Structure formats: C-alpha cells, structure tokens
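Trainee: I have a model open and would like to learn how to read it. Can we take it feature by feature?

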Amino acid sequence: MIDYIIVGCGLGGISFCETAIRHGKSFVVFNNDSQNSSKIAGGLYNPVILKRFSEVWNAQEQLELMTVFYSNLSDRIDDKLNFKTPILRKFFSIEEQNNWFAASDKKSLAPFLSTSLCFDKYDGIDSPFGYGEVLQTGYVDTALLLSKYQKYLTSLNLLRAESFEYNALIIEDDRLLYKDLEAKYIVFAEGFGLHANPFFNDLPLDGTKGELFVIKAPDLKLDVIVNTSVFILPLGNDLFKVGATYNWKDKTDMPTEEGRIELIDRIKEIISCEFEIVKHYAGVRPTVKDRRPLVGTHKVYKNLHVLNGLGTRGVMLGPAMAKVLFDKIEYNIPLDKEIDIDRYYNKKKKKI
C-alpha cells in the first residue's frame, strides 16, 4: 500500500509531492497535461495586490515558506527556479505617486512597498513620474519546473502520463483501490480540470482565462519586472514575457484575437519602442470568487482530498496550501476556515 495517489502535476500537485517526500511518504502521480495554466504562467510572486493596494492574504508567511521550498526544489532538479527580481509599478501621474505613499503608510503594506520613488531610466520606456518598487518579489520559472519535475518523477517511476479514471476508483473505509494501486489517500490537484471530477465538481471553481505573449524588443533594456495593467518580465536575449488578460466567460485555452489586441494596446501604454510577438499563450487559471483556495476533505469520503483554487498566485500559495493539507490529513490539524472547502458545504446546510 502506498500513502498517496496524487492527481495533477501543476503547481499544486508538485507542492504536495514535495511535502510528501520531505515526510517520507510514498505516492504515485497521474497527469494528462490537459491543464496548462501552471506551465504558461508568468510565475510572479508579489505580496501586494497593486490594483487595490492591499496585502495578499498571509503574504509574509507564504513568502518565507516558498523561499525554502523552491531552494530545496532547485537542489532536487539541479536547476535554478527562483529569480528574485524587483517589481516596479510605473506611475502615470502625481496622483498615482500620492496613492503609493498613502498605501505604504498602512501597517500591513509597509514591509512590501518602498517609500523611495525610483527614477531609473530604462531604454524603451518613458516614465516621467517614475516608479514605485515592491519589495520581496521575483518570479519562478514554472515551465522549467514542470518539465524537469515530471522528468524527475518519471525517472523514479512515480509518474503516470495518463488521465485518471474516476469510475475505476474503489473507495473503502481504510483504503482506496485504483487498478493496480492500493493507497491510503488521494489528493486531487487538477486545476480547472476539477470540473470533470465527480467527487468535487460541486465546488465553486470559477476559472479565469489569461492570455500572455513572449515578445522580442531589441530596443527595450530592462533588468526588472515592470507592472501596471500588465507585467513585462525580461527573459534575456531581447525576449520578454508579457501578461496577462482576464476573461471570466471564455473557458478555453486557445489564444484569441480579442486577447491579442488587448495585450498589444496595454504594451503600448508602457513601452515606447517597437516589438514583435514571438509566442501567444492562453490558459484557464483555477480561480474562486472569494479569492481563497479550495483545500480540504470530501464531505462523505474521508480519504479523498482536494488542493485547488490557487488562482493567479499559485507560486506563492502552492507550498503553503500543500503543507496545511498534509498537516490536516496526517496530524488532524484543522484548516483555516477561510480556505477549508467546508465553508461552502456549511453554507448549503444553512440554506436548507
């Protein structure tokens, strides 16, 4: 008998794999590559929601945990994953500068917002009002992570590149049977693919489509991440990742002309040089309307668990949510009510 079957090998699934490894637990992973949001993600981590100037939920705790997590993960796959890089918020007016200073006075945001405006000059960007620097920021190379981690699991014969067949799962009180496997628990970390899961598809996973570019801009000289309505992230060799759009209606992972036009318009608001679109990506983020993850245990089958709803901040949330779910399963430590899926089941009971 193994300890875990893990379904999904995106940021959530990998985070749980690593947590299981650190605690000496055995597992097998199923992944069919149908969900690509982790693979194409910008991978940025940023403790501040710049649109509303509010702190990301539990930001400091998540940052501390993810720093150690990705350092250990880099050692495991023998490649650098975490690139600590400043994020600069470009200002378009004096009023935006004033809003920045007002936000930096808030106790919750003070550790993350520099009170010194940045007026560094970058070729290809006109910014007469300067920038505000967000602290403790950077990005994780998610495409490299997924590729190398899947190869790592394959080398240990722990990855099955196939779809999980829900109707083949036999659930007993003290064990789970799935084809040739016998396991104590199963963790579903399928991202937007949760909608096909008969055990958890009643959860309110919304899904938000995002489109991104990789552009080539030889005249843009940038060694930081610039963020306004979209982010511009330098990749080297005159290449930059740019994103992302937000579409709450379209649930496909196909790039659209509408998204293309929107991204082009937003890029032109930030940079003043020519650029060429090299690649155009799209994916559906696993988002939830209350902006909290979906973590917890099935209301009937106590050996079935879910790790989902990481949304746009999977790089930060993944390690933290994997840890608390593991602690709940193995040590019966209660989950925070804000992330526990019981918050939805309890609402349904009240309505009845």
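Predicted model: local features only at pLDDT ≥ 70, side-chain atom pairs only at ≥ 80, totals over all residues.

Trainee: Is α7 mostly covered or mostly exposed?

Mentor: Mostly covered. Of its 18 residues, 13 are buried.

Trainee: Let me try α5. What span should its 14 residues have?

Mentor: Helix α5 takes in residues 142–155, and at 1.5 Å a residue it should span 20 Å. The end C-alpha atoms are 20 Å apart, so the two values agree.

Trainee: Which residues of α5 are buried?

Mentor: Thr142, Leu145, Leu146, Tyr149, Gln150, Tyr152 and Leu153. Viewed down the axis of α5, the buried residues fall within an arc of 155 degrees, so they line one face of the helix.

Trainee: Why does spacing along the sequence turn into a face?

Mentor: An α-helix has 3.6 residues a turn, so residues three or four places apart point the same way. In α5, the face turned away from the buried side carries the exposed residues Lys151 and Ser155.

Trainee: What follows α5?

Mentor: Just after α5, Asn157 takes a positive phi of about 60 degrees.

Trainee: How far apart are Leu146 and Phe164, in sequence and in space?

Mentor: They are 18 residues apart in sequence and 19 Å apart in space, C-alpha to C-alpha. Asn72 is in helix α3, residues 59–77. Asn72 is partly exposed, at 34% relative accessible area.

Trainee: On to strands. Which residues lie on each side of β20, and are they buried or exposed?

Mentor: Read the strand one side at a time. Leu304, Val306 and Asn308 are on one side of β20, with His305 and Leu307 on the other, and all are buried. Both faces are covered. Strand β20 runs over residues 304–308.

Trainee: Which strands does β20 pair with?

Mentor: Look for bridges, then direction. Strand β13, residues 181–188, joins β20 through 3 bridges, and the two run parallel. There, Phe188 has Val306 of β20 as its bridge partner. Strand β19, residues 294–297, joins β20 through 4 bridges, and this pair is antiparallel. Thr297 has His305 of β20 as its bridge partner. β19 and β20 form a hairpin, with 6 residues between them.

Trainee: What is the strand order in the open sheet of 3 strands?

Mentor: The order is β3-β9-β6, with antiparallel pairing. The edge strands are β3 (44–45) and β6 (82–84), each pairing on one side only. β6 pairs with β9, residues 138–140, over 3 bridges. Lys84 stands opposite Gly138 of β9.

Trainee: What does Phe16 touch?

Mentor: Leave out residues up to four places away in sequence. Phe16 then touches Tyr4, Ile6, Val187, Leu307, Ala322, Leu325, Phe326 and Ile329.

Trainee: Last, the cysteines. How many disulfides does the structure hold?

Mentor: It holds 0. Check the sulfur distances. The closest cysteine sulfur to that of Cys118 is in Cys273, 18 Å away, too far for a bond.

Trainee: Are Cys118 and Cys273 buried or exposed?

Mentor: Cys118 counts as buried, at 12% relative accessibility. Cys273 is buried too, with a relative accessible area of 13%.

Terms used
Residues numbered from 1 in each chain as written. Heavy atoms only, no water. Buried < 20%, exposed > 50% of the residue type's maximum accessible area, 1.4 Å probe, protein only. Expected span 1.5 Å × (residues − 1). Arc of directions from axis to C-beta. Pairing = 2+ DSSP bridges. Contact = heavy atoms within 4.5 Å. Disulfide = S-S within 2.5 Å.
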